[in-house]
Amino acid sequence: MGDSKEGGAESPPLGAAAREGLSLLSQGESEEPSAQGSALFLGGNEVKSRAVVKYSSAPPRTAFARLEEKTDLKLPPANWLRESAKLGPAGTTILGNSKKSKPFSSFGMAYDFIDSVGNDVDVVSDSENIKKLLKIPYSKSHVSMAVHRIGRTLLLDELDIQELFMRSSQTGDWTWLKEFYQRLIDQKWQRKKKSKEHWYQKAILSKFLYYSINGDGAAQPVPAAAEQQESSSSDQTNDSDGASWPAPFEMPSSVSEDPSASSQGSEPLEPSYIVGHVASAPKEQNLTTLFNDGENSQGLKNDFVRNILWTFEDIHMLVGSNMPIFGGGRYPAVSLRLRDNNKPINVLTGIDYWLDNLICNVPELVMCFHVNGIVQKYEMIKTEEIPNLENSNFSTKVIKDIAQNILSFLKSNCTKEGHTYWLFKASGSDIVKLYDLTTLCEETEDKYQNPFTMPVAILLYKVACNMMMKKNQNKKHYGTIRTLLLNCVKLLDKSRHPQIIASANYMLSELFQLDEPKKEESSESPLNENSDESYSEEEEEMPDSDENGSYSTSSDPSDDNKAVAIIKSVGELSVPEKYKSIHQIRPSCTFPVCHDTEERCRLVLSYVLEGLKSVDSSIKKESDLPAADPNTPIPLKYEDESTRGGPEGLEKQMALFLDKMGSLQKGNYSSQSGMIPGSWQHKMKLQLILKSSKAYYVLSDAAMSLQKYGRALRYIKLALQSHDTYCCLCTNMLSEVLLFLSQYLTLCGDIQLMLAQNANNRAAHLEEFNYQTKEDQEILHSLHRESSCQGFAWATDLSTDLESQLSVSCKCYEAANEILQFSDLKSQNPEHYVQVLKRMGNIRNEIGVFYMNQAAALQSERVVSKSVSTAEQQLWKKSFSCFEKGIHNFESIDDATNAALLLCNTGRLMRICAQAHCGAGDEFKREFSPEEGLYYNKAVDYYLRALRSLGTRDIHPAVWDSVNWELSTTYFTMATLQQDYAPLSRKAQEQIEKEVSEAMMKSLKHCDVDSVSARQPLCQYRAATIHHRLASMYHSCLRNQVGDEHLRKQHRVLADLHYSKAVKLFQLLRDAPCELLRVQLERVAFAEFQMTSQNSNVGKLKTLSGALDIMVRTKHAFQLIRKELVEEFDQPKSDESTPAADSSPSLNREEVVKLLSIFESRLSFLLLQSIKLLSSTKKKSSNTEDDVVLKTNKQIYSQLLRATANKNAALLERIDVLVHLLDQLARGGSGGVQ
C-alpha cells in the first residue's frame, strides 16, 4: 500500500513514448454499481478506461484528516488497530484488507460473479497481479503466477514460490515442483527474508492511515500494550500463513452453492445442478469445507473490499482491490499515499498509483511526504497527471500495448481447460516462460498433487451450472457447457468427489434434449454455432508466430523444452500488436450433433449410468446389499400365459397397482440401500433415475415408430422399472412425474396392441425383447439396489396369447387413465387425457371385435345343435360390454366419428345374435322368429344412433356411407327373411307383406345409388334386387288375390313400376346379366298373366306385342352373357388355373342354361299365340302391316323350333341364334304389332 515493492528506479522500456498530457473527461461515484467509467485521452489517441464497482464492503466514505506538520508517524495513534463505526465491520475497513492476496483469490471472485466467467470477462485477478503483469517490461523483479482457463476467461493468481517450497519442506507435498524449479530455473534456491526496512515502512503506513481517519488528527500515544501489538500487526501483514494453501491430499469434501441458486423443491424436475452440503469423504478425516461463509474457506473466499469490472481498452477484467479510498478534496474520492521525501517517485510507483486510481475510478491522488516518519507536506495530483510526473513519466499507450500483448500471449497458449499454467520470470531476467504444471504433475505418482485441481474443477462446474440456468439462451452454449463438465469430471477423483461427478453427469445428460423434434440439417442450427467461447477440448493450441517472430518454441540452447511458450525479451511486450492472437481459441468445441434418436438417448444413458455409479459408490451400506454382478443379465421373467392367470390375474395386479399409486400420494418411502431421504444421494439418484426413465421412454417410442415392437417393449419395461424405483424412493410424488407414468403406460398399451396385431412375427419380437446391453444391465443393477422393480411387471410381459395381450393393453390404458384422476392431472393435461380415452375406446373396440369374431366362429361350427350355446352367449355379453364402454369413452370426449364406428360394430353384433337364432327349427318349416326380429330391430337402433352421432354426412363421409350401407343391409336382410320364411303361424299374409314392403323401402332409402363411389355398383345391385323382390311380391299377390278390384289394380301398377325400375338398374350393371334376364322373364310372365284375364283379341294382341317387346330388350343381357362366355373360352388353355381364377363369379352356367331354356319356351309360346291371333284377325279384316308381322313371326317361330330341336347345340350357338332371332323380331315383328 506504500512504496512500490520494487526497489530502485528503472529505465523506461524501448519504445516508450515521450511525456504526453492527459485530460479527465468524466468521473462518477466509484462505488456505485452504475458508476460511469472514465475515458482518458492521450494526445490524438484515446486510451479508454471504464470501471464499474460490482461489490463493495467498505462503509460510507469518510474524509481524510490532514495531519499537522511535524506529526511523528512512529508513534501509534489512539485508535490504532481498533474497530470503530468509521472503519466499518471487522476486516472490511476503508483501509482495505490488510492481508496479502491469497493464492486462490481469483477463484473467490469467480464464484461470486459466476455470470461473468467463461463468457464476458477476459481476466479475473487481484489488482496487484494485474499491476505486476503490466509492469513486467519496466521491472527486474520476479513474476510467478498461476493461470487457469475457464471458457474465454483467464484466472490469474500469485504463485508464491517461497511459501510453496517452505510448505514442501514441511510436508513433502510439492517436491515435484521444487525439484523441477531447482533443476531448470534456480539451482541454488533459498528462502529470501524480508528486510527490517520493509517491516518499518509497513508499520509507518499503518499508523499513518489510522491517523488519517482519526477525527482530531492529533497523535495520541497509546499504552505500552499497544507497542507490543505492533509486532503482531506486522505479522498480520506478513505473507499469508500456511492455512491459505490447502494440502493437496486434503481435497475439500463439499461444495455449497450460493443460497439464491439453491432453492429446491422436494424433488425438483427442473434441472437442479446445485450440489448441497455433503460429506463425500469419510467424516472422521475432519476435512474442511471448500467455501463456506464465515468459516475457514481455504483461501477461496472473496475477501476483497471491492470487486470492480474494469474495461481497459478492449480488455474486460474482473478485479479485486483493497486500496483505501477517502472523501474530501476537490473530488468525491481520493487515494491517500505516504512517500519518503528523500526518495524520488519512480516509474514503477507511478504506474502503480495510476493503475490503482484507474481500476478504482478515483480521480485524484493525495500524497503525504515524510522524513524519517515526521510529516512534512501534502500534495494533490490528478490521476491523468500521474504519467507526467517528474522521474516517473511513462506512456499510457505503451501500457495499453503491454496489456494487449500479455493477454494475447496467455490466451494463445493457455488453451487446455482444467490445466494449471505457470507464468514465470526470474528476478533480473528478460525471459518470460509459461509452463503447464498439470502435465508436469501427471508425470508424478499422484496426479491430484496439484492443489489447484479442486478449485478449478469446482469453478468449471459452477460456470456450467450458471450457463445451464440461463434457459433463454443456453442452447448456443451447449458445446461449451459440455466441455466444461467433461473437463470438470476429468479433473476429479471419483472416490473422493462422487457428488460433483454425479451432478456433472446429470447435467451432461440434461444437455441432450430427449423430446426435441428432429431438426433439418442446416448451418443455422444453434447447436453448431461456434460461439466466441468455443475452444479446443482435446488438442493444445500450437503457438502462432506472426511475421515478426512473436514467440518461439525452437530448440535454442537458452530455451526450456518443458515450457509451453516463451517470451524471449520483455521489451517485445511494448511493441503494438507484437503478440496478436491470429485466431481466438480454436472453435472446435461444438456440441455433438446426434442425427439419431437412439444415439442421443444412449449418450444420455451413459451419463446417467456414470452418475448412478458415483451415487452408489458413496452409500456406505454396501455389505447389507444382496451381491449382484452387473455383468450377469437380470432375467426378464418370460412367462407363458397359462401361469399368469389370464385377465383375471390382471385384475388383481391392477388393484394392487392402484393401491400403490394411492399410497404414493401420501409419500411412502422405502429404499433397500439405506439412503437417507433428503440427502444429496437421495436427491441425485431420484433425478438420475427419472432421466433414465425418460430416455428409455424415448427409445421405446422410436422403436415403436420403426415397428420393432419387441425392442419397444423391452425399453418401456426399463422405463417403467426406472419409474417404479423412483416411486419407491420418492417422498412426495409430483404431478409431473405422475403424468410421465401415464404417458409410459399409454405407450406400453400401444406396444402390446401392436404385438397382438403382429402375431405372425412373434419369434423376432421375443428375441428383441430378451436382448440386453451391458449398459442396461448396469443401470438395472443400480435400480435393484433400491427396489424389486416389479411394480409394472403385469404391463410389460410378452404373452403368446392374443386375448391376454389385448387385455394387458386395455389395462395399461385404464391405469394411465386412473393416474390422470390423481392431482387433477386430467384438467391440466387435456390433450393427453383425450389421447388416453381414444386409446381406451379403440382397445375396447378391438377386444369387442375379438369376442364377436369368436362368437361368429362358434356359430359357424354349430351344425347339429339347434339352440344357442352358453359359450356363445358369454362371448356376446363380453363383446357388448366392451363396445358399450368404448362408446362411452368416445362420447365423453365428443369423438362422434369413432363413437359411430363402435355403434356400427354393436349393430353388427346384434345381427350375429339374430343369425344365431335363425338356425332353430326344420328348414322346410322354418319361420322368421321373434328373437330374430328383436335382434335385427336392435341392430337398426344402433345404426340409427350411429347416424345421429355423426349428424351429417359432411362430418365423415366414409363412415356415414358405411353406416348407411350397414343399415340398408339390415333392413334388406330382415325383409328378405320375412319374405322367404314368412311367419304365417303368427301373422296374416297382408301384415307380413306390409312389413316386408316397409323394410324394403327403408333399405332403399339408405341405399345411395347416385353418389359415385367404389360402393355404387353394390348399391345399384341392392336397389335393383329390392325392386325385383317387391315386384315379385306384388305379382304374387295379384295371382293369389280374389275380390277387391281396386287393390288388384294397385298391385298391378306397383308390380309394373318395380319391374321397370329393377330392369333400369340391372341394365346399368355389367356383371348381372342373369338377374336382368330373370326380371325380364318375370315381366313376360306378368304380361301372360294379364293376357289370361283379357277377352278381346285386340287387347290380347296388344299385351302380346308388349311381351314380345320385352323379349327383344333382353338382347342386352344375352350379349353380356355371350361376351363372358367368349372371354372364358378364349383363356389360354395351357394355364388351367387361369380361367377358373379370372372367370366372373357372377356367371353360373347352369343358371344360364336354365334361363335360356325358359326364354326359348316363352318366346316360342308368345310367337305361337301371336301367329294364332293374327291369323284369326286376318280372316275378319285385311291389314298389310299385320300380314308382314305374321309372316315375320312365322319365320322366326320356324327358325326357333329348328334351333330348339337340336339338343346338341353348344350354349354359345344357342345364344347366337337367339340374338339373331331377336334382331329379326326387332326389325319386322313386334314393330308391326304395336
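Mentor: Let's start with a term: buried means under 20% relative accessible area, exposed over 50%, and partly exposed in between (1.4 Å probe, protein chains only). This is a predicted model, where local features need pLDDT of at least 70, side-chain atom pairs count only at pLDDT 80 or more, and totals for chains, interfaces and linings use all residues. Residues are numbered from 1 along each chain as its sequence is written, and side-chain values use heavy atoms, leaving out hydrogens and water.

Trainee: Is Asn 361 buried or exposed, and what is its relative accessible area?

Mentor: Asn 361 lies in the loop between α7 and β11; helices (H or I, at least four residues) and strands (E, at least two) are DSSP runs, numbered from the N terminus. Asn 361 is not a glycine, yet has a positive phi of about 60°. Asn 361 counts as buried because its relative accessible area is 2%.

Trainee: Where is Cys 789 found?

Mentor: Cys 789 also shows a positive phi of about 60° although it is not a glycine. Its relative accessible area is 4%, so Cys 789 is buried. Its place is the loop between α20 (774–784) and α21 (793–796).

Trainee: How many strands does the protein have?

Mentor: Of the 1234 residues of the protein, 55% count as buried. The secondary structure comes to 38 helices, and the strands number 15.

Trainee: Which strands stand at the edges of the open sheet?

Mentor: The open sheet has 4 strands in the order β9-β10-β11-β12, with mixed pairing; two strands pair if DSSP finds at least two bridges between them. Each edge strand has a single partner strand, so one side of each is left without a neighbour in the sheet. These edge strands are β9 (325–326) and β12 (374–382).

Trainee: Which residue in β12 is the bridge partner of Val 371?

Mentor: Strand β11 (residues 364–371) runs antiparallel to β12, and 8 bridges join the two. For Val 371, the bridge partner in β12 is Ile 374.

Trainee: What angle does the direction of helix α7 make with that of β10?

Mentor: Helix α5 (residues 196–213) lies across β9, β10 (334–340), β11 and β12, at about 135° to β10. Here axes are lines fitted to C-alpha atoms, for helices over the stretch in contact, and angles run from 0 to 180 degrees between N-to-C directions. Helix α7 (residues 347–360) packs on the sheet and touches β9, β10 and β11 (contact means heavy atoms within 4.5 Å); the angle of its direction with that of β10 is about 165°.

Trainee: How far is the charged end of Arg 714 from the ring centre of Tyr 715?

Mentor: A charge sits over a ring if NZ of Lys or CZ of Arg is within 6 Å of the ring centre and within 35 degrees of the ring normal. Lys 377 has its charged end over the ring of Phe 369, 5.2 Å from the centre. The charged end of Arg 714 sits over the ring of Tyr 715, and its distance from the centre is 4.8 Å.

Trainee: Which cysteine has the closest sulfur to that of Cys 488?

Mentor: The search of the whole structure finds 0 disulfides, a disulfide being a pair of cysteine sulfur atoms within 2.5 Å. Cys 488 is buried, at 0% relative accessibility. The closest cysteine sulfur to that of Cys 488 is 8.8 Å away, too far for a bond, and belongs to Cys 465.
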